[in-house]
Amino acid sequence: MNESKVCRSPVSGIVVKVAAQVGQSLQPGDILVVLEAMKMETNITAPAAGKIAALRVNQGESVQAGQVVVEFE
């Protein structure tokens, strides 16, 4: 997998919000997904400008650290 085309979760937690949509154009720092881990919210943000090809998580799902949450075109 091309690591420049994916965004991975930095922590294990629960997806509390999916802020991005497939096909959406992004700027660096745009919020993609919000996770809750140990009572703290963690924003996963776009590492670079681009467009979303696929969302790999849904609200309410558990994710593991290192799991791919978003794929970019």
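Strands are defined here as DSSP runs of E of at least two residues, and helices as runs of H or I of at least four residues, both numbered from the N terminus; two strands pair if DSSP finds at least two bridges between them. The model is predicted, so that local features need pLDDT of at least 70 and side-chain atom pairs count only at pLDDT 80 or more, whereas totals for chains, interfaces and linings use all residues. Residues are numbered from 1 along each chain as its sequence is written, and side-chain values use heavy atoms, with hydrogens and water left out.

Four of the strands form an open, antiparallel sheet in the order E1-E8-E6-E3. Strand E1 (6-8) and strand E3 (25-26) stand at the edges with a single partner strand each, so one side of each lacks a neighbour in the sheet. Strands E6 (residues 50-55) and E8 (residues 68-72) run antiparallel and are joined by three bridges; Ala54 has Glu71 of E8 as its bridge partner.

Strand E8 also contains Val70. This residue is buried, with a relative accessible area of 0%, where buried denotes under 20%, exposed over 50% and partly exposed the range in between (1.4 Å probe, protein chains only). With residues up to four places away in sequence not counted, Val70 touches Lys5, Val6, Cys7, Leu32, Val33, Ile52, Ala54 and Leu55, a contact being heavy atoms within 4.5 Å. The C-alpha atoms of Val70 and Ala53 are separated by 7.7 Å, although the two residues are 17 residues apart along the chain.

At the level of the whole chain, the radius of gyration is 11 Å, in agreement with the value near 11 Å for a compact globule of 73 residues; the radius is taken over C-alpha atoms, and the globule rule is 2.2 Å times the number of residues to the power 0.38. The C-alpha trace spans about 30 × 20 × 20 Å along its principal axes. Of the 73 residues, 32% are buried. Among contacts with a separation of 6 or more, 55% involve residues 24 or more positions apart.

The chain exposes about 4,300 Å², of which carbon and sulfur atoms supply 49%; accessible areas come from the Shrake-Rupley method with a 1.4 Å probe, and for residues only the protein chains shown count as cover. There are 6 positive and 7 negative side chains, the centres of the two sets lying 2 Å apart. Lys and Arg count as positive and Asp and Glu as negative, His and the chain ends not being counted, and each charge is placed at NZ of Lys, CZ of Arg, CG of Asp or CD of Glu.
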